[in-house]
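Please take the sequence and the coordinates together, and read the paragraphs below beside them. They move from the whole chain to its parts.

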There are 2 protein chains.
Amino acid sequence: MNGQTGYVSRLIESFSKLPGIGRKTASRLAYHVIHMNYEEAMEFAAAIVDARENLHYCACCQNLSDEELCPICADDARDRSLICVVERPRDIPSIEKTREFHGLYHVLHGLISPIDGIGPEQLKIKELLERVGKGDVKEIIMATNPTVEGEATALYLARLLNPFDVTVTRLAFGLPVGGDLEYADEVTLSRAIEGRQKIL
Amino acid sequence: MNGQTGYVSRLIESFSKLPGIGRKTASRLAYHVIHMNYEEAMEFAAAIVDARENLHYCACCQNLSDEELCPICADDARDRSLICVVERPRDIPSIEKTREFHGLYHVLHGLISPIDGIGPEQLKIKELLERVGKGDVKEIIMATNPTVEGEATALYLARLLNPFDVTVTRLAFGLPVGGDLEYADEVTLSRAIEGRQKIL
């Protein structure tokens, strides 16, 4: 017995299953929910249920969507000749924030990773090929993470897309803006030298 | 538009209302819930609803409880002559973990804090006096936090309990075990000197 009742422990248990949330934080969050405004707590529970019951994959780009088509695919102002391939739905807000990209997306829902038993057939690759097969696409930007798996997946897709009449590009590697040469690792620095650009 | 659909943003919004959870963490948690096991997500939502719908205050100690009496107050093996007064329900597990205390608790649900507009009448003080008035209680331990408000509340209660035939005690102040004199602040060190104890 630790003086916590069933309902309290159960809520702490649920919070502690979330990533990066230890027992202490889970307990703090649970007590916060217990003391928060009643309507807000109910809205929290409803948000979880709705997200799980009503979200599905966009029929076109495979992003999470409330409707058949996600807002980006449904937007006529977006450039349909350009597709940016990302690993996860949460990568899209990061790219949208730059306001640099006006094409459509394609979400793979993972990366090829033999060590985790994830092969190409588990990813939304077939769907990407179907989209490219329709012939409107001119360029595909591989925006997977700069990790071993991200690189391997980008390369795999580039080879797979070779027979199609599309340009496949990759996000540039280099120094992070505001960074310091002194703290750049050798691999990043080598890629920054390789990818050097003319100034004028 | 940031490429997030309504259900996703709404869940992120709910998470970001929790204390210590910023936008980035809220987004990470929301996507985790979206991808977690369906039953686990539903259990999470149900845990929130149940905690809010079914928890109430123990009729005796005012701790959060599933039943009329909390498990500690309902336990005949606990020493009914000893009451430990705490600020919040979450303080009880901390004290229970020590396995040093075998009495009952009393939860004030706050501390006197004129700056936040919290006076004695907003705390469960009347309920404490009623319990003490029944005459079984011999000692009351003030286990409020070692802060200005915690101290003030303990002192206020001690005065209020003066007419009753009970001993009112306070948790000891001093050096934290495993700490270092070098890093102890002057106030803690002064209290440690004041409270010095005979070794043999």
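This is a predicted model: local features need pLDDT of at least 70, side-chain atom pairs count only at pLDDT 80 or more; totals for chains, interfaces and linings use all residues.

Residues are numbered from 1 along each chain as its sequence is written, chains are lettered from A and ligands numbered from 1 in the order in which they are written, and side-chain values use heavy atoms, with hydrogens and water left out.

Chain A holds 7 helices and 6 strands, where helices are DSSP runs of H or I with at least four residues and strands are runs of E with at least two, numbered from the N terminus. Read from the N terminus, the order of these elements is α-α-α-β-β-β-α-β-α-β-α-β-α. Chain A is more spread out than a compact globule, because its radius of gyration of 22 Å is well over the 16 Å that the globule rule gives for 200 residues; the radius is taken over C-alpha atoms, and the rule is 2.2 Å times the number of residues to the power 0.38. Along the principal axes, the C-alpha atoms of chain A fill a box of roughly 65 × 50 × 35 Å.

An automatic or database domain assignment divides chain A into domain 1 (6–54) and domain 2 (67–198). The centres of these two domains of chain A, taken over C-alpha atoms, are separated by 34 Å.

Of the 200 residues of chain A, 40% count as buried, that is, under 20% relative accessible area with a 1.4 Å probe and protein chains only, whereas exposed means over 50% and partly exposed lies in between. Among the contacts in chain A with a separation of 6 or more, 47% come from residues 24 or more positions apart, a contact being heavy atoms within 4.5 Å.

Which loop of chain A holds A:Ile115? A:Ile115 lies between β4 (103–107) and α5 (125–133) of chain A, and A:Ile115 counts as exposed because its relative accessibility is 78%. The C-alpha atom of A:Ile115 is 10.0 Å from that of A:Glu149, 34 residues apart along the chain. A:His109 also lies in the loop between β4 and α5 of chain A, and phi of A:His109 is near 60°, a positive value in a residue other than glycine.
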